[in-house]
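Subject: Structure handover

Hello,

Here is the structure for you to look over. My notes follow below it.

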Amino acid sequence: MQPHISLFLVDDHPIFLAGMRATVAAEPAFVVLGEASDGLEAIRALESVDPDIVVIDISMPHVNGLALVQRLRQRNFSGKCLIMTVHEDRAFLKHGMELGISGYVLKRTAVDQLIPALKAVYTGGLYIDPSIADLAMPPQRRASSGASEPASSLSDGETVVLRHIAMGFTSKEIASKMGIGAKSVETLKLRACAKMSLKSRADIVRYAVMKGWLHDIN
Amino acid sequence: MKISKLRRFEPRRVDVLVSWRLVKCRPFHKIAGPANGLWASHKMSLHALKLLDDFWGWQQRLLTVAGLFSAFVLLGAFTFGVILLTRAGGDVASIWPSNALILALIIRGHASFYLWGAVAIWGANVASGNPLALSTALMGANIVEVGFAHAMLIVFGLRDPDLRRLRSVVGFLVISAGVAPVVGALLGARAVSAASGAPFGDVVLSWYGADALGMAVFAPLFLSFKDWKSDLGLSRGHAMALVAVLLGTVLTATATFAARDLLFICTPLILLSTMNWGIAGATLALCCVATAGAIATFGQTSLIFPTVEPAARLQIFLAVHVCMCLPIAAILAQRRELQNELSTARALAEARSAEKEIQVDQLTRRLWDVESEERARVSRELHDIAGQTLATMVMQVRAIELEASALLVPRLVELRQNLSAHGQDLDRLSRELRPAALDKLGLVRALDALIGNWAAVHHIETDFVTSGDKTNDIPLRVQTILYRVVQEALTNVARHAEGATKVTVSLATAEGYLRVAVADNGCGAMPNKIAKHGGGLQGMRERLAMVDGDLDIETHVLEVDNMSGTTVFARIPLEINHATAH
């Protein structure tokens, strides 16, 4: 006898909601505890029921799916969240994962993916729809450290120049800020780059990140 | 000092004699200012000009009775003076300005001066001791001469000659100074010859010379009164300079005439006056020379032609200079008028094009806003309606699949897969139109996803770093523009930056600006390639300009700089955008 897996479905499209209900109804392991058609309604309903998994659409009126996940997390909701959406966007997937979702399934593949996803999530796994699994992989970034060990330390002027370059200032702007000529800025930059073996602006930025010069906006 | 308002009358309607009484009411004394030096005289000259303007003002077509009366008195006194000046020689004057004044008054619409002019000339002649019959004959000759000149001017279309036109000046000089004096001379010489016994031919020639010069020098002066204001430019400096030049002319004329007869030394002064003050300056300077010369030649004229040397030389000098300076003044006036028209037209055109530019700018912004809104709407609908419906249809097909015969199932599965593929296309299309993440998750997350996708597609190591304050409160328009700029810059990197293996995108808010820099470590030849292939730089610049932002590019070539790559910088001021956000 399989354990009952309790579900709560949140979607503002009634027909799709009905389709999901029909899909899970075909599996005896699942029990649908309730449904909601927007985020606010879901928050209210989830005060009284405690499902194992909440299936959440992203585009919804009032409170969207990701905001709903955030709110549930703030309320120490113990169940797991599975996103069920039409958005095949890295931004939503990444943000969702940051919020601690357990699964991300596309609506267009739901008939095949919903049941395996629910099962995987229930057992504590992370389930990403195979169609967009590549989006979950971090892109090729920061593969290698940009700067090697410095041969000597940077002067104050060189530091200021590198720092501003990393922040997106042009050489002209840096020159007028420091009250020196554009040629002098170039010289400082090239000297600093030579010292730190930086071969491009990308290297400079990477160096700045390593140094902790950039404070993240978020 | 303010001039008390002159009482004005419509000259044609008011009988001069009837309104004579009113003349006494005119407070003439108020016009004279305190006589303290040049400035005072300048003030006075201002008032005098104002008065003259009132007297002669063609545009207003109003004339004070006082003005007409003073003109009459002036004419009489003037004529009397000129006769006295020549009386010593007992002959014809070296220059005769009375006819010019009468003609000018008549041209300015005061036909009554046929009568008053006749009275003045006759009176002056009688007063100076000429016999009644001779006075009457001389008066007749002068008035006929004026009448003839007037009629000829009308016939040749110069009823109101505009002395700022070269053709008018030449025509006026030919008719009034060239032809008309012949008539006066032929008529007047008879009487003079009979009275004095001088040979008729000599008298005709003397008379002609005097009248012709009088007309040529004085008539333009009187006629140009109405242009004085614009020609002289009534500023203090101008008035001083004019007075200085005229004084110089008088002194030079007197000195040269008296001393060694080097009158031509006046020429530069007359030309200077002409160049600076147009027809008014020319006629004033010539009058100065004429007056000085007439006084200098006092008692040296004769009825026998050729007249004695100094007077003849004065006449020749004046004749030459009138024929030279008046056309020059007219040409200058015409040129100045053209220049004025040109500059007015240019200013107008500039104002119009500036206005157009603003309109185009506004339209561009509006167009872009409308386009963005429309894109956002279509993008939303693709997701929320088409995408959702497609997903629902997939489910419905699946439901049919469960009940369908085994024969149909493969085809239904294929249909489901097709629908699913369409769903993917719709999502891509929607994201290209406008990424939903930009609206729902903000600029940073949207850019992060964009850059991640780009890196995955092009297999280029890409960093995205951010620094500074939060970007949440940045207007959506600015966010959208920055997003598109980064998108375009990345496209350029993929297309043109050969050998790029690392790309860095940095987003920073610093010192009032939102900055984005997209840097690659490619060959550094991107700008040239963009210039050749026409990348989206212009479009990026235009978009940024809509939110007062700008674009800059830096390149490094390995061989030269020991580092390589191209960086595209975009920056948008934060403050202004808050203000103009809508």
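First, a term: a salt bridge is a side-chain nitrogen of Lys or Arg within 4 Å of a carboxyl oxygen of Asp or Glu. By this rule, 8 salt bridges link chain B and chain A. Over all chains the count comes to 31.

Some ground rules. This is a predicted model, in which local features need pLDDT of at least 70 and side-chain atom pairs count only at pLDDT 80 or more, while totals for chains, interfaces and linings use all residues. Residues are numbered from 1 along each chain as its sequence is written, chains are lettered from A and ligands numbered from 1 in the order in which they are written, and side-chain values use heavy atoms, with hydrogens and water left out.

**The interface**

One salt bridge pairs D203(A) with K502(B), at 2.7 Å from N to O. The rule for polar contacts finds 16 residue pairs across the interface of chain B and chain A, both residues at pLDDT 80 or more. (A polar contact is a pair of N or O atoms within 3.5 Å; within protein, one must be able to donate a hydrogen and the other to accept it, and residues adjacent in sequence count only if both atoms are side-chain atoms.)

Helices (H or I, at least four residues) and strands (E, at least two) are DSSP runs, numbered from the N terminus. That side of chain B divides into 22 nonpolar, 23 polar and 19 charged residues. Here Ala, Val, Leu, Ile, Met, Phe, Trp, Tyr, Cys and Pro count as nonpolar, Asp, Glu, Lys and Arg as charged, and the others, Gly among them, as polar.

The contact (heavy atoms within 4.5 Å) takes 64 residues from chain B and 61 residues from chain A. The two chains bury about 5500 Å² between them, 54% of it on carbon and sulfur atoms. Q388(B), M395(B) and M563(B) lose the most area in chain B, together 12% of what that side buries. Buried area is the accessible area (1.4 Å probe) that two parts lose on being put together, summed over both.

**Chain A**

Chain A has an open sheet of 6 strands, order 2-1-3-4-5-6, with parallel pairing. Strands pair if DSSP finds at least two bridges between them. Strand 2 (30-36) and strand 6 (127-128) of chain A are the edges. Strand 1 (residues 5-10) and strand 3 (residues 53-56) of chain A run parallel, joined by 4 bridges. L9(A) stands opposite V55(A) there.

K119(A) forms a salt bridge with E27(A), the closest N and O atoms being 3.6 Å apart. The two sit 92 residues apart: K119(A) in helix 5, E27(A) in the loop between helix 1 (14-25) and strand 2 of chain A.

**Chain B**

Chain B has an open sheet of 5 strands, order 1-2-3-5-4, with mixed pairing. Its edges are strand 1 (461-467) and strand 4 (550-556) of chain B. Strand 3 (residues 513-520) and strand 5 (residues 565-573) of chain B run antiparallel, with 7 bridges. V516(B) stands opposite A570(B) in strand 5 of chain B.

Best regards
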